[in-house]
Amino acid sequence: MLSGPELIKRLQDELQAIRHAASNAEAKRTEYDANIYDLVKKRGVALLALAKHYLPELSQESIRDTFANIQTELTALLERQQRAIDTIGEREERLNRQYQEALDKQKSAQTVFDKITADLAELEQKVADFLKHDFDFQTITNTTLQAEQRLTQNELRLKEIKEDATSKLPAYQQSSLFQYLLKQKFGTPDYDHRGLIRTLDRWLARKINFATLEQSYNFLTHTPKLMQTEFESRQKEFTHLMQQVEEAEQQAEKTLGLTELQAHHETEAAKLTQLSSATEAVYKILSEVQIELEELKSSQGDFYQSALDRFRTFLEQTETSVLTERAEKTIEKVDDDLVSEIDWINGEIDSLERDHTKVNESKTVLQSQIKDMEFVIRRCEQTEVSTERCTFSQAFNWDRSLEQFKKNAINGQGLWDLIKKEQIVAPRWSEQTQEMVTAAMKSPQSRILFQAMTHVAVIALRSAVERGLSRRDAKK
């Protein structure tokens, strides 16, 4: 006899088997998808090769060798290509004229600029010769050079004395005896100690040779500042002299017309740069248009690719028998092989698509059965079917019911209805006891015995309560 828990176990095993079958169906469907994708890709390659064979270029001659039903569209594409070539060609001509005009302007400006550059070099030489023979300018120039030399020497000496002070002063600053006498202003009119302190300070001064040390210390602390002041003074002098030299040069340049010519040279240079940029911009656009025009004129350009795509689509939509008939009329064997390959691929795709449809339908059924089986198991677990008290009669044919479910003769609700109909649930122990008590209370002797037992129980309970209260009072 089948028990409720055993039935649930069989339901769970069947659910697992259905899930496994659904997983296998999904794997098979994925495999079919991949195979169909590969075949469609191969067919596309073969169709493109056939289209290229019949239409090697976009020209009237090639179009006449294609199928009559596609020649109108291909001719329209050829006409569009020619219109585009005409439009871009006109633009190229305009840009060529603009580029030539810009180039002529640039060449003219370049000639002017080169002339001014030559004049500028000649005038600069005249200014140099003039200054070379100008006594006042040569005098101030020599004075400036001498001042620069002295400034350089002063800068070097200042650097050396600063480095010397930096290295030697810490020894004086860290000598506590020397610093003591220095702070006491020993040897100066401000030193005011008398008696023993004066005697001891004199002794210490002789001991450390304070007079010599103080002289060196003062040199290291004051000389860098004095030299810095001297250096700054000479620097100002040199700057003033340089200004005089520059003013003399500027005056000579202005007198001889060099300043004006330099300004004119800068103006022409800016103009030439602007014209060069404009020429380059026009040339860049012209180059792009020329490349675009070359691509349009090419028999393998964008228009050809569009024609090829449309022709390939036409071949794909054409019956294989028509393609075979056309291939048989040509001398070449290439199209015969390609059409044969396309025909074989189409057959493989049709076969795979039929199998794919079957697997997809099977998967849909299995997914529905999974939901139904989950519903039945859930209802069994929520009811007394999950207990050992639930059993099923020998007449319940579980295998036949399951087979009906797998063949979709019944759904989840129908299977659950069968289980509910065939289940046998034994009563609980409490229900059995209650029935026995009820049956016993129906006789007079049983009722008298029950009342006596109840009375004894009440007396025993009352005595237990009184003893508990007495113990509590005794503890207080």
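## Lys 329 and Glu 325

Lys 329 and Glu 325 form a salt bridge, their closest N and O atoms being 3.8 Å apart; the term means a side-chain nitrogen of Lys or Arg within 4 Å of a carboxyl oxygen of Asp or Glu. Both residues lie in helix 10 (residues 320-329), four residues apart, about one turn of the helix. Helices here are DSSP runs (H or I, at least four residues), numbered from the N terminus.

Lys 329 counts as exposed at 64% relative accessibility, and Glu 325 as partly exposed at 45%. Exposed means over 50% relative accessible area, buried under 20% and partly exposed in between (1.4 Å probe, protein chains only).

## Basis of the values

The model is predicted: local features need pLDDT of at least 70, side-chain atom pairs count only at pLDDT 80 or more, and totals for chains, interfaces and linings use all residues. Residues are numbered from 1 along each chain as its sequence is written, and side-chain values use heavy atoms, with hydrogens and water left out.

## Other salt bridges

The whole structure contains 18 salt bridges. One of them joins Lys 9 to Asp 13, with 3.0 Å between the closest N and O atoms. Both residues belong to helix 1 (residues 4-54) and are four residues apart. Lys 9 is partly exposed at 44%, as is Asp 13 at 40%.

In helix 13 (residues 412-422), Lys 420 and Asp 417 are three residues apart, and their side chains meet in a salt bridge of 3.9 Å, N to O. Salt bridges that share partners also join Glu 26, Arg 29, Asp 33 and Lys 363 into one network.

Terms used:
Helix = DSSP H or I, 4+ residues; strand = E, 2+ residues; numbered from the N terminus.
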